[in-house]
Amino acid sequence: MTSVNYRRCGRSGILLPEISLGLWHNFGETDSRSTAAALLTRCLELGICHFDLADNYGPPPGAAESMLGDILGKELAGHRDELFISTKAGHLMWPGPYGDWGSRKHLIAGIDQSLRRLRLDYVDVFYSHRPDPETPIEETVEALVQIVRSGKALYVGLSKYPPPLFNRACALLAEAGVPCLLHQFRYNLLERNCEQGIIPAVKSQHTGAIVFSPLAQGMLTGKYLHGRFPADSRAVRSDSPFLDSAKVHSQAVGVAQFASIADEAGIPLTQMALRWLLRSPDITSVLIGARNLEQLEQCATASGAEALPPDVLQAIDAVSVLTA
Ligand SMILES: NC(=O)c1ccc[n+]([C@@H]2O[C@H](COP(=O)([O-])OP(=O)(O)OC[C@H]3O[C@@H](n4cnc5c(N)ncnc54)[C@H](OP(=O)(O)O)[C@@H]3O)[C@@H](O)[C@H]2O)c1
(Lines give C-alpha, C1' and ligand atoms only; values in the text may rest on other atoms or scores of the structure.)
Protein backbone atom coordinates (compact mmCIF):
# COMPACT_ATOMS: atom_id res chain seq x y z
CA MET A 1 0.00 0.00 0.00
CA THR A 2 0.99 3.64 -0.39
CA SER A 3 0.64 6.25 2.33
CA VAL A 4 -2.30 6.62 4.70
CA ASN A 5 -4.42 9.76 4.32
CA TYR A 6 -4.24 12.82 6.57
CA ARG A 7 -6.88 14.92 8.30
CA ARG A 8 -6.64 18.40 9.74
CA CYS A 9 -6.57 18.51 13.51
CA GLY A 10 -9.34 20.92 14.50
CA ARG A 11 -8.53 24.49 13.45
CA SER A 12 -4.78 24.04 13.83
CA GLY A 13 -1.95 23.90 11.33
CA ILE A 14 -1.45 20.21 12.09
CA LEU A 15 -2.41 17.29 9.87
CA LEU A 16 -2.57 13.86 11.51
CA PRO A 17 -2.57 10.48 9.79
CA GLU A 18 -5.98 8.78 9.77
CA ILE A 19 -4.26 5.87 11.52
CA SER A 20 -1.81 6.66 14.34
CA LEU A 21 0.21 4.18 16.41
CA GLY A 22 -0.02 3.99 20.21
CA LEU A 23 2.79 2.51 22.29
CA TRP A 24 0.71 1.54 25.34
CA HIS A 25 1.42 -2.14 24.74
CA ASN A 26 4.11 -3.98 22.76
CA PHE A 27 6.96 -1.52 23.51
CA GLY A 28 7.83 -2.57 27.07
CA GLU A 29 10.79 -4.44 28.49
CA THR A 30 8.95 -7.75 27.98
CA ASP A 31 8.60 -7.03 24.23
CA SER A 32 11.04 -7.50 21.38
CA ARG A 33 13.12 -4.42 20.57
CA SER A 34 13.67 -5.56 17.01
CA THR A 35 9.90 -5.95 16.41
CA ALA A 36 9.35 -2.51 17.95
CA ALA A 37 11.95 -0.94 15.65
CA ALA A 38 10.47 -2.74 12.62
CA LEU A 39 6.98 -1.49 13.53
CA LEU A 40 8.07 2.14 13.92
CA THR A 41 10.15 2.07 10.74
CA ARG A 42 7.25 0.57 8.77
CA CYS A 43 4.95 3.23 10.20
CA LEU A 44 7.13 5.93 8.72
CA GLU A 45 7.05 4.19 5.32
CA LEU A 46 3.23 3.99 5.53
CA GLY A 47 2.92 7.67 6.44
CA ILE A 48 1.87 6.83 10.02
CA CYS A 49 3.89 9.70 11.43
CA HIS A 50 2.11 10.09 14.77
CA PHE A 51 3.30 8.00 17.73
CA ASP A 52 1.29 8.28 20.94
CA LEU A 53 2.90 7.63 24.31
CA ALA A 54 2.42 8.28 28.01
CA ASP A 55 4.88 8.25 30.88
CA ASN A 56 3.32 5.09 32.33
CA TYR A 57 3.43 2.96 29.13
CA GLY A 58 5.59 -0.13 29.52
CA PRO A 59 5.88 -2.40 31.40
CA PRO A 60 7.47 -1.16 33.55
CA PRO A 61 6.19 2.45 33.45
CA GLY A 62 8.57 4.57 31.40
CA ALA A 63 9.82 1.66 29.27
CA ALA A 64 7.91 2.59 26.09
CA GLU A 65 9.38 6.12 26.15
CA SER A 66 12.87 4.68 26.71
CA MET A 67 12.39 2.21 23.84
CA LEU A 68 11.24 4.96 21.46
CA GLY A 69 14.09 7.22 22.63
CA ASP A 70 16.60 4.51 21.78
CA ILE A 71 15.04 3.81 18.36
CA LEU A 72 14.86 7.55 17.55
CA GLY A 73 18.63 7.67 18.06
CA LYS A 74 19.30 4.62 15.87
CA GLU A 75 16.87 3.18 13.30
CA LEU A 76 14.87 6.45 13.09
CA ALA A 77 17.85 8.82 13.42
CA GLY A 78 17.36 11.91 11.27
CA HIS A 79 13.57 11.54 11.09
CA ARG A 80 12.50 13.59 14.13
CA ASP A 81 10.97 16.41 12.10
CA GLU A 82 8.82 13.97 10.11
CA LEU A 83 7.28 12.61 13.31
CA PHE A 84 4.54 13.89 15.60
CA ILE A 85 5.18 12.50 19.08
CA SER A 86 2.87 12.84 22.05
CA THR A 87 3.22 11.93 25.69
CA LYS A 88 1.09 12.34 28.80
CA ALA A 89 1.19 12.59 32.56
CA GLY A 90 -1.53 12.10 35.13
CA HIS A 91 -1.50 8.41 36.05
CA LEU A 92 0.56 6.93 38.88
CA MET A 93 4.31 7.12 38.23
CA TRP A 94 6.18 7.36 41.51
CA PRO A 95 5.45 7.07 45.26
CA GLY A 96 4.31 9.91 47.45
CA PRO A 97 1.88 12.79 46.95
CA TYR A 98 3.52 14.18 43.76
CA GLY A 99 3.69 10.99 41.66
CA ASP A 100 0.17 11.12 40.21
CA TRP A 101 -2.73 13.28 38.98
CA GLY A 102 -2.83 16.89 37.73
CA SER A 103 -0.88 19.22 40.00
CA ARG A 104 1.69 21.61 38.53
CA LYS A 105 4.30 19.74 40.57
CA HIS A 106 3.41 16.37 38.98
CA LEU A 107 3.00 17.59 35.41
CA ILE A 108 6.26 19.57 35.30
CA ALA A 109 8.24 16.69 36.81
CA GLY A 110 6.40 14.34 34.45
CA ILE A 111 7.35 16.15 31.24
CA ASP A 112 10.97 16.50 32.40
CA GLN A 113 11.23 12.77 33.11
CA SER A 114 9.55 11.91 29.78
CA LEU A 115 11.93 14.10 27.78
CA ARG A 116 14.91 12.41 29.45
CA ARG A 117 13.59 8.93 28.58
CA LEU A 118 12.68 9.98 25.03
CA ARG A 119 16.02 11.78 24.67
CA LEU A 120 14.16 14.69 23.07
CA ASP A 121 14.22 18.45 23.63
CA TYR A 122 10.46 18.67 23.14
CA VAL A 123 7.37 16.58 22.37
CA ASP A 124 4.79 17.66 19.83
CA VAL A 125 1.82 17.20 22.16
CA PHE A 126 1.77 16.99 25.94
CA TYR A 127 -1.49 15.73 27.46
CA SER A 128 -3.12 15.87 30.83
CA HIS A 129 -3.78 12.10 30.83
CA ARG A 130 -6.92 12.29 32.95
CA PRO A 131 -8.89 14.90 34.86
CA ASP A 132 -7.95 15.31 38.52
CA PRO A 133 -11.05 15.65 40.71
CA GLU A 134 -9.11 17.44 43.47
CA THR A 135 -6.67 19.80 41.74
CA PRO A 136 -8.29 23.04 40.49
CA ILE A 137 -8.49 22.90 36.69
CA GLU A 138 -6.82 26.35 36.63
CA GLU A 139 -3.65 24.83 38.12
CA THR A 140 -3.56 21.92 35.65
CA VAL A 141 -4.09 24.32 32.73
CA GLU A 142 -1.40 26.72 34.01
CA ALA A 143 1.05 23.81 34.14
CA LEU A 144 0.20 22.83 30.55
CA VAL A 145 0.63 26.43 29.40
CA GLN A 146 3.97 26.65 31.24
CA ILE A 147 5.15 23.47 29.50
CA VAL A 148 4.38 24.94 26.08
CA ARG A 149 5.88 28.35 26.94
CA SER A 150 9.07 26.70 28.14
CA GLY A 151 9.42 24.91 24.80
CA LYS A 152 9.00 21.39 26.21
CA ALA A 153 5.87 20.76 24.10
CA LEU A 154 4.49 22.41 20.98
CA TYR A 155 0.82 21.73 21.71
CA VAL A 156 -1.49 20.72 24.55
CA GLY A 157 -3.92 17.80 24.58
CA LEU A 158 -6.55 16.55 27.04
CA SER A 159 -7.46 12.93 27.61
CA LYS A 160 -10.65 11.42 29.05
CA TYR A 161 -12.04 14.79 30.19
CA PRO A 162 -15.84 14.83 30.58
CA PRO A 163 -17.55 17.51 28.44
CA PRO A 164 -18.07 20.26 31.07
CA LEU A 165 -14.48 20.08 32.31
CA PHE A 166 -13.17 19.78 28.75
CA ASN A 167 -15.07 22.95 27.80
CA ARG A 168 -13.74 24.80 30.87
CA ALA A 169 -10.15 23.67 30.21
CA CYS A 170 -10.44 24.70 26.55
CA ALA A 171 -11.70 28.14 27.55
CA LEU A 172 -8.80 28.63 29.99
CA LEU A 173 -6.25 27.39 27.46
CA ALA A 174 -7.66 29.70 24.78
CA GLU A 175 -7.52 32.66 27.19
CA ALA A 176 -3.86 31.88 27.80
CA GLY A 177 -3.20 31.80 24.04
CA VAL A 178 -2.38 28.07 24.03
CA PRO A 179 -5.46 26.47 22.47
CA CYS A 180 -6.14 22.80 23.07
CA LEU A 181 -4.99 20.86 19.99
CA LEU A 182 -6.94 17.66 20.53
CA HIS A 183 -8.91 15.46 22.84
CA GLN A 184 -8.16 11.75 23.25
CA PHE A 185 -10.97 9.38 24.20
CA ARG A 186 -12.20 5.79 23.79
CA TYR A 187 -14.47 5.05 20.82
CA ASN A 188 -15.28 1.80 19.11
CA LEU A 189 -18.27 -0.25 17.92
CA LEU A 190 -18.86 -1.48 21.48
CA GLU A 191 -18.47 1.88 23.24
CA ARG A 192 -20.40 4.73 21.65
CA ASN A 193 -21.24 6.94 24.67
CA CYS A 194 -18.91 9.65 23.33
CA GLU A 195 -21.36 10.30 20.48
CA GLN A 196 -23.70 12.01 22.94
CA GLY A 197 -20.96 13.39 25.19
CA ILE A 198 -17.48 14.40 24.21
CA ILE A 199 -17.83 14.43 20.40
CA PRO A 200 -20.31 17.36 20.35
CA ALA A 201 -18.03 19.18 22.82
CA VAL A 202 -14.95 18.57 20.65
CA LYS A 203 -16.87 19.86 17.63
CA SER A 204 -17.98 22.99 19.43
CA GLN A 205 -14.43 23.68 20.66
CA HIS A 206 -12.99 23.06 17.16
CA THR A 207 -10.27 20.79 18.52
CA GLY A 208 -9.10 17.58 16.94
CA ALA A 209 -10.34 14.18 18.14
CA ILE A 210 -8.11 11.12 18.38
CA VAL A 211 -9.80 7.90 19.48
CA PHE A 212 -8.21 5.01 21.33
CA SER A 213 -8.88 1.26 21.56
CA PRO A 214 -10.66 1.25 18.16
CA LEU A 215 -10.59 -2.55 18.18
CA ALA A 216 -11.60 -2.76 21.86
CA GLN A 217 -8.08 -4.01 22.60
CA GLY A 218 -8.38 -6.74 19.96
CA MET A 219 -11.92 -7.99 20.75
CA LEU A 220 -13.20 -6.40 17.51
CA THR A 221 -10.89 -8.55 15.42
CA GLY A 222 -13.01 -11.58 16.36
CA LYS A 223 -9.97 -13.44 17.71
CA TYR A 224 -11.73 -14.36 20.96
CA LEU A 225 -14.95 -15.63 19.37
CA HIS A 226 -14.05 -19.24 18.86
CA GLY A 227 -13.48 -20.59 22.34
CA ARG A 228 -9.74 -20.86 22.88
CA PHE A 229 -7.89 -17.56 23.24
CA PRO A 230 -4.77 -17.22 21.05
CA ALA A 231 -1.70 -17.85 23.26
CA ASP A 232 0.04 -14.56 22.48
CA SER A 233 -3.06 -12.34 22.65
CA ARG A 234 -3.55 -9.45 25.05
CA ALA A 235 -6.29 -11.18 27.06
CA VAL A 236 -3.86 -13.99 27.89
CA ARG A 237 -0.64 -12.07 28.56
CA SER A 238 0.12 -11.65 32.27
CA ASP A 239 1.88 -8.32 31.65
CA SER A 240 -1.34 -6.85 30.21
CA PRO A 241 -3.89 -6.53 33.01
CA PHE A 242 -6.39 -4.37 31.13
CA LEU A 243 -8.10 -7.14 29.15
CA ASP A 244 -9.07 -10.44 30.73
CA SER A 245 -11.40 -13.34 30.02
CA ALA A 246 -14.23 -11.80 32.08
CA LYS A 247 -14.17 -8.65 29.93
CA VAL A 248 -13.97 -10.70 26.74
CA HIS A 249 -16.95 -12.84 27.79
CA SER A 250 -19.00 -9.77 28.75
CA GLN A 251 -18.69 -8.41 25.19
CA ALA A 252 -19.02 -11.71 23.33
CA VAL A 253 -22.63 -11.24 22.21
CA GLY A 254 -22.06 -7.80 20.72
CA VAL A 255 -18.82 -8.83 19.03
CA ALA A 256 -20.51 -11.90 17.50
CA GLN A 257 -23.28 -9.71 16.08
CA PHE A 258 -20.81 -7.27 14.54
CA ALA A 259 -18.82 -10.24 13.18
CA SER A 260 -21.89 -11.57 11.42
CA ILE A 261 -22.58 -8.15 9.82
CA ALA A 262 -18.98 -8.04 8.61
CA ASP A 263 -19.22 -11.59 7.32
CA GLU A 264 -22.38 -10.88 5.38
CA ALA A 265 -20.81 -7.75 3.85
CA GLY A 266 -17.63 -9.68 2.96
CA ILE A 267 -15.47 -7.27 4.97
CA PRO A 268 -13.05 -8.46 7.68
CA LEU A 269 -14.34 -7.42 11.13
CA THR A 270 -11.11 -5.51 11.91
CA GLN A 271 -11.57 -3.47 8.73
CA MET A 272 -15.23 -2.84 9.42
CA ALA A 273 -14.43 -1.58 12.94
CA LEU A 274 -11.74 0.85 11.75
CA ARG A 275 -13.57 2.03 8.62
CA TRP A 276 -16.68 2.65 10.72
CA LEU A 277 -14.70 5.09 12.91
CA LEU A 278 -13.20 6.78 9.86
CA ARG A 279 -16.72 7.32 8.44
CA SER A 280 -17.00 10.29 10.79
CA PRO A 281 -15.47 13.61 9.76
CA ASP A 282 -15.42 14.49 13.48
CA ILE A 283 -12.62 11.98 14.08
CA THR A 284 -9.16 13.25 13.16
CA SER A 285 -7.21 10.06 13.80
CA VAL A 286 -7.78 6.47 14.91
CA LEU A 287 -5.17 5.39 17.42
CA ILE A 288 -4.34 1.71 17.03
CA GLY A 289 -2.06 -0.69 18.85
CA ALA A 290 -0.15 -3.33 16.87
CA ARG A 291 1.92 -6.26 18.12
CA ASN A 292 3.47 -7.16 14.77
CA LEU A 293 3.88 -5.94 11.20
CA GLU A 294 0.96 -7.96 9.90
CA GLN A 295 -1.44 -6.28 12.33
CA LEU A 296 -0.02 -2.85 11.51
CA GLU A 297 -0.39 -3.36 7.76
CA GLN A 298 -3.93 -4.70 8.10
CA CYS A 299 -5.00 -1.72 10.18
CA ALA A 300 -3.26 0.80 7.91
CA THR A 301 -5.32 -0.31 4.91
CA ALA A 302 -8.46 1.07 6.56
CA SER A 303 -7.23 4.54 5.55
CA GLY A 304 -8.23 5.23 1.98
CA ALA A 305 -10.50 2.17 1.82
CA GLU A 306 -14.00 2.42 0.35
CA ALA A 307 -16.67 3.88 2.64
CA LEU A 308 -18.88 1.27 4.34
CA PRO A 309 -22.17 0.84 2.44
CA PRO A 310 -25.32 2.39 3.99
CA ASP A 311 -26.89 -1.02 4.74
CA VAL A 312 -23.83 -2.00 6.78
CA LEU A 313 -23.98 1.28 8.74
CA GLN A 314 -27.68 0.68 9.42
CA ALA A 315 -27.06 -2.88 10.60
CA ILE A 316 -24.32 -1.64 12.93
CA ASP A 317 -26.63 0.99 14.42
CA ALA A 318 -29.32 -1.63 14.99
CA VAL A 319 -26.88 -3.86 16.93
CA SER A 320 -25.57 -0.89 18.91
CA VAL A 321 -29.10 0.01 20.00
CA LEU A 322 -29.73 -3.57 21.11
CA THR A 323 -26.45 -3.98 23.00
CA ALA A 324 -26.33 -0.48 24.56
N1 LIG B 1 -5.61 8.17 26.82
C2 LIG B 1 -5.77 7.00 27.37
O3 LIG B 1 -6.10 6.88 28.56
C4 LIG B 1 -5.57 5.76 26.55
C5 LIG B 1 -6.11 4.54 26.98
C6 LIG B 1 -5.92 3.40 26.18
C7 LIG B 1 -5.19 3.52 24.99
N8 LIG B 1 -4.67 4.72 24.61
C9 LIG B 1 -3.88 4.86 23.37
O10 LIG B 1 -4.50 4.15 22.30
C11 LIG B 1 -3.58 3.23 21.73
C12 LIG B 1 -4.32 2.05 21.14
O13 LIG B 1 -5.10 1.40 22.15
P14 LIG B 1 -5.29 -0.17 22.06
O15 LIG B 1 -3.95 -0.82 22.07
O16 LIG B 1 -6.28 -0.54 23.09
O17 LIG B 1 -5.91 -0.29 20.58
P18 LIG B 1 -6.66 -1.45 19.79
O19 LIG B 1 -6.31 -1.18 18.37
O20 LIG B 1 -8.08 -1.48 20.19
O21 LIG B 1 -6.00 -2.80 20.29
C22 LIG B 1 -4.72 -3.18 19.86
C23 LIG B 1 -4.56 -4.67 19.96
O24 LIG B 1 -5.48 -5.34 19.11
C25 LIG B 1 -4.88 -6.46 18.51
N26 LIG B 1 -4.82 -6.21 17.05
C27 LIG B 1 -4.57 -5.03 16.41
N28 LIG B 1 -4.64 -5.20 15.08
C29 LIG B 1 -4.94 -6.50 14.88
C30 LIG B 1 -5.15 -7.27 13.71
N31 LIG B 1 -5.06 -6.73 12.49
N32 LIG B 1 -5.44 -8.58 13.86
C33 LIG B 1 -5.56 -9.16 15.08
N34 LIG B 1 -5.35 -8.46 16.24
C35 LIG B 1 -5.05 -7.14 16.13
C36 LIG B 1 -3.48 -6.57 19.13
O37 LIG B 1 -3.62 -7.33 20.33
P38 LIG B 1 -2.94 -8.76 20.58
O39 LIG B 1 -1.77 -8.45 21.43
O40 LIG B 1 -4.02 -9.51 21.28
O41 LIG B 1 -2.58 -9.35 19.25
C42 LIG B 1 -3.19 -5.15 19.49
O43 LIG B 1 -2.21 -4.99 20.45
C44 LIG B 1 -2.63 2.91 22.90
O45 LIG B 1 -1.39 2.38 22.46
C46 LIG B 1 -2.49 4.27 23.52
O47 LIG B 1 -1.57 5.04 22.77
C48 LIG B 1 -4.86 5.84 25.36
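**Barrel, helix pair and ligand shell**

Eight strands, in the order β3-β4-β5-β6-β7-β8-β9-β10, close into a barrel with parallel pairing; two strands pair if DSSP finds at least two bridges between them. Neighbouring strands of this sheet are turned by 30° against each other on average, direction ignored. The model is predicted: local features need pLDDT of at least 70, side-chain atom pairs count only at pLDDT 80 or more, and totals for chains, interfaces and linings use all residues. Residues are numbered from 1 along each chain as its sequence is written.

Tyr-127 has Gly-157 in β7 as its bridge partner. Strands (E, at least two residues) and helices (H or I, at least four) are DSSP runs, numbered from the N terminus.

Helix α3 (residues 104–118) packs against helix α4 (residues 137–149) at an angle of about 30°, with the axes 9 Å apart. Therefore α3 is roughly parallel to α4, a term for angles under 35 degrees. Axes are lines fitted to C-alpha atoms, for helices over the stretch in contact, and angles run from 0 to 180 degrees between N-to-C directions. In α3, Arg-104, Leu-107, Ile-108 and Ile-111 meet residues of α4 that include Glu-139, Ala-143 and Ile-147; contact requires C-beta atoms, placed from the backbone, within 7 Å.

The ligand is surrounded by 29 residues, the closest being Gly-22, Trp-24, Phe-212, Gly-218 and Gly-289; a residue is near if its C-beta atom, placed from the backbone, lies within 6 Å. The largest share of this shell, 3 residues, comes from α10.

Definitions and conventions
Angles under 35 degrees count as roughly parallel, over 145 as roughly antiparallel, 65 to 115 as roughly perpendicular and the rest as oblique. Two residues are in contact if their C-beta atoms, placed from the backbone, lie within 7 Å.
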